[in-house]
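Take a look at the model below.

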Amino acid sequence: MKKDLGKVRNIGISAHIDSGKTTLTERILFYTQRIHAIHEVRGKDGVGATMDSMELEKERGITIQSAATYCSWKDYDINIIDTPGHVDFTIEVERALRVLDGAVLILCSVGGVQSQSITVNRQMTRYKVPRIAFINKCDRTGANPFRVTQQLRDKLDLNAIMIQLPIGLESDLEGMIDLVCMKAVYFDGDQGETIRYEPIPAGLQEEADAKREELLDAVSMFSDELMEAMLEESEIPESLIHDAIRRGTLSLELTPVMIGSAYKNKGVQLLLDAVNAYLPCPTDVENTALDLDQDESEVVVSNDPADPLVALAFKLEDGRYGQLTYIRTYQGVIQKGDTIINSRTGKKAKVGRLVRMHANEMEEIDGAGSGDIVALFGIDCASGDTFCNPGLNWSMSSMHVPAPVISLAIKPVDNKAQINMSKALNRFTKEDPTFKTFVDHETNETIISGMGELHLEVYIERMKREYKAEVEVGAPQVAYRETITQRAEFDYTHKKQTGGSGQYGRVAGFIEPLEEGEYEFVDQIVGGVIPREFISSCDKGFQKSLEKGTLTGSPITGVRLGINDGSYHAVDSSDIAFQLAAIGGFKQGYAKAIPIIMEPIMKVAVEGPSEFQGAVMGSLNQRRGVIIGTFEEGNYTVVEAEMPLAEMFGYSTTLRSLTQGKAEFTMEFATYKQVPKSVAEELIKAFAAQKKDA
Amino acid sequence: MGYEPLVQQNPLRVLNMGTEKNQMGLVMARAGLGKTALLVQIALDAILRGKRVIHVSIGQSIEKTKTWYDDILQLILQDHSVNRPHELIDMVARHRMIMTFKIAAFSRSRLEERLNDLVLQDIFRPNCLIVDGFDFEKTDREALEDIKNLIENMDMQAWFSATCHRGDPRISPTGVPAPCHEIDDLFDMIILLKPEQDATIQLDIIRNCGEQVTGAKGLRLDPTTMMVKEM
């Protein structure tokens with residue numbers, strides 16, 4: 001099972017919706033002989049492209065979940081991880097970016113750098129992913145790869161340099177000039193499968209020479225040998241240029257720009273060559289894990305097959321044969337029959353079937369080495385779990401999961417939907433730790449919660465399509481919280497001694513704000529005024545009280561509760577009596593501690609043309625936002641603000657009409673902050689009314 | 001406001017500078033001595049007096065600029081206990097707005113357009129403008145006069161930073177080094193920062209309220225906080 005890690009590529013392909021990502025992936029699979037016919041997106045022939053495996057994606061023509069697929073090109077193994085580009089799917093994006101080593105950023109030659117390209121690019125920069133740009137759709141009217149390259153420099157701040165020149169553009173696109181080997185390349189055959197190299201057409205020679213000069217200037221700083229060869233004005237070997245481009249790309253200081261048209265079968269093979277030549281192999285990238293035995297301290301994974309296994313489960317899929325788990329190995333090997341441990345749960349599992357995935361078809365394998373991406377059958381786990389060999393307790397991702405900020409009630413329309421819905425919810429919560437679900441005991445409604453409106457919408461759609469679970473959806477609710485602002489004392493006696501077995505318990509203590517953490521219990525009882533066995537009853541009583549605050553019924557967080565006095569009755573005191581005493585004591589103290597309501601605040605970034613900046617700021621200001629700042633570059637502006645989530649419902653519609661659809665916004669959870677008085681009063685009133693009705 | 005004591009060690013407070021309207025101030029130093037830190041101090045001083053500040057940062061990100069404020073505010077909070085620190089942090093956020101520009105995107109007309117956007121919609125009415133990263137090497141007198149004019153029209157106070165270089169011997173007769181040696185008369189206040197042997201920063205005032213200051217009136221600043229070291 002020896003494999004040359006230098007010939008493994010784990011890459012992502014990401015792009016703005018509609019720049020042809022799926023078409024490109026489809027062509028790659030065709031040329032690498034993974035599929036034998038080309039299907040177009042949106043299923044003109046009823047089959048649909050191979051990568052979008054979910055119904056929903058087929059219908060919308062977009063890609064939501066990251067599927068991994070394997071292919072090989074010129075004896076390099078390439079794993080393609082499909083990456084979603086929207087910020088609402090944060091965990092999903094994060095995981096996809098973690099498992100890939102390099103990426104191809106696709107841009108439309110007409111649309112150029114669009115707002116989503118900016119988001120994706122920012123995420124890639126954050127995760128230090130080296131990338132190649134591919135300017136697609138050069139056959140379309142209005143195509144201008146030169147302008148797009150300039151945008152890559154201006155808007156994305158990338159050191160973008162073209163390594164190809166188009167031969168003809170728009171409908172005249174014939175092929176391209178490779179500026180490294182200085183030849184014209186044409187693609188013959190029905191599906192462009194035959195590559196023909198020719199001398200550069202005379203009319204383009206001058207431009208090609210000039211562009212090559214630019215290319216050499218840009219890349220020579222990454223290679224001393226190349227610099228020397230240029231100074232000596234000797235013949236420059238191609239390998240030197242390739243090497244310099246590779247170094248520049250890996251250091252993230254250079255982005256080679258390629259051009260083509262996936263739809264017209266032009267340039268895809270050259271892109272694959274570039275993936276092999278310029279993008280990193282698993283050992284070129286440093287990945288870190290967290291050692292759970294050492295308080296989550298960072299450790300670098302070795303990529304050495306001889307070390308114990310560390311593998312990340314980054315995607316789950318429900319197949320005909322049970323749960324399919326996609327994993328990426330970071331060190332060690334995984335083989336059939338091995339014992340592996342899930343570092344989150346500590347559970348052991350045996351590796352059964354191991355397969356390599358190609359969208360919906362699979363190939364059985366016996367084992368996989370470090371740096372590979374494969375799928376496991378029959379392993380029970382959640383997405384984001386890490387598997388290790390026994391003896392190692394590492395995790396690839398932090399155990400910390402952000403708390404959901406928005407929730408809504410869903411109600412199945414009939415009995416069948418009810419069963420399917422619970423199946424779906426079970427699946428989704430496993431796949432995505434930020435998606436949670438529970439049943440509200442008071443209203444008997446099923447509540448789902450997550451990180452944003454779109455986040456929940458996608459799951460509701462998936463329920464409908466994949467699980468045929470038709471549900472009615474309630475209005476989205478913001479996840480408010482309550483907390484206190486000052487210390488208060490309480491002294492409460494619970495007494496019920498009229499007939500039958502009585503109840504008696506007295507609890508005295510304090511409640512105070514807790515700076516960090518959600519809840520702390522302090523036992524300061526001396527002299528046994530509350531017997532030991534009832535102390536935990538007090539704790540239990542307090543915890544019950546925290547579930548629903550008195551202002552809005554939201555959970556209470558950030559409190560420390562202490563008990564320092566009390567009394568008991570030899571016969572009538574019991575567990576339940578002290579729980580009730582604690583609940584009573586809590587209510588007394590809570591009211592005195594000046595409780596307040598907290599609301600989730602989102603970090604919002606609105607991106608769009610500068611001319612709309614004023615309107616955008618006005619709209620944010622109206623929604624109780626605090627504008628942090630603006631960033632201007634050319635004619636393009638980003639406004640950053642902190643916004644209460646409660647004010648952001650329907651903002652996408654407002655923004656669209658304000659800016660003629662030219663601006664977009666992204667939103668992620670930032671923190672919890674106190675709700676202003678006027679808003680708090682309304683919330684309290686609404687809660688009281690609701691309580692009355694119930 | 002109740003936050004007054006927090007800024008008692010603020011150099012401006014000590015010097016009793018920067019309280020007049022319609023004035024332009026300039027902080028000059030070599031790279032890395034703390035121009036931005038001092039500008040942030042000036043801004044915080046204004047904010048804690050209830051003023052609103054626009055911080056224009058040329059060539060820097062919003063995030064980085066915001067971090068400057070957060071860090072310096074944290075340092076202040078370490079030295080002075082405040083009843084509800086979150087309220088203070090919130091209040092600073094509400095009284096400050098950051099505008100960042102790519103170097104080429106900054107111009108008077110651009111700035112004016114932005115400021116008008118804010119004022120006309122009543123989103124933010126600035127009293128003080130901080131401009132960090134303005135390229136004086138490439139600015140002529142006319143462009144700066146233009147900006148001065150804008151500041152007067154908008155009834156604001158403004159502070160700029162400028163980087164001087166060790167190797168550049170040019171200096172104005174009043175002691176203002178290049179690149180501002182030919183436009184120094186446009187500023188009402190000019191401060192020069194110099195490093196000292198004992199790892200503190202010497203703050204010299206070259207001009208205050210349009211008057212030439214001579215003699216060795218200066219302050220020693222702590223280089224991490226840019227607060228006055230001893231009173």
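The model is predicted.

**A sheet in chain A**

Chain A holds an open sheet of four strands. Their order is S7-S8-S9-S10, and the pairing is antiparallel. Strands S7 (164-167) and S10 (194-198) of chain A stand at the edges. Each has a single partner strand, so one side of each is left without a neighbour in the sheet. From one strand to the next, the twist averages 30 degrees.

Now to S8 and S9 of chain A. Four bridges join them. Within this pair, Met176(A) stands opposite Val185(A).

**Where the chains meet**

Chain B gives 17 residues to the contact, and chain A gives 15 residues. On the side of chain B that touches chain A, the elements giving two or more residues are H3 (62-79), H4 (85-94), S3 (96-101) and H5 (108-120) of chain B. Which element provides the largest share of that side? Strand S3(B) does, with five residues. By kind, the residues of that side divide into nine nonpolar, three polar and five charged.

Strand S3(B) also pairs with a strand of chain A, S36 (626-633). They run in the parallel sense. Here Gly629(A) stands opposite Ile98(B).

| Strand pair | Sense | Bridges |
|---|---|---|
| S8(A), residues 175-178, and S9(A), residues 183-188 | antiparallel | four bridges |
| S36(A), residues 626-633, and S3(B) | parallel | four bridges |

Strands of a sheet pair through backbone hydrogen bonds, in either sense.

Notes
Residues numbered from 1 in each chain as written. Chains lettered and ligands numbered in written order. Predicted model: local features only at pLDDT ≥ 70, side-chain atom pairs only at ≥ 80, totals over all residues. Pairing = 2+ DSSP bridges. Axes fitted to C-alpha atoms, helices over the stretch in contact; angles between N-to-C directions. Contact = placed C-beta atoms within 7 Å. Nonpolar A, V, L, I, M, F, W, Y, C, P; charged D, E, K, R; others polar.
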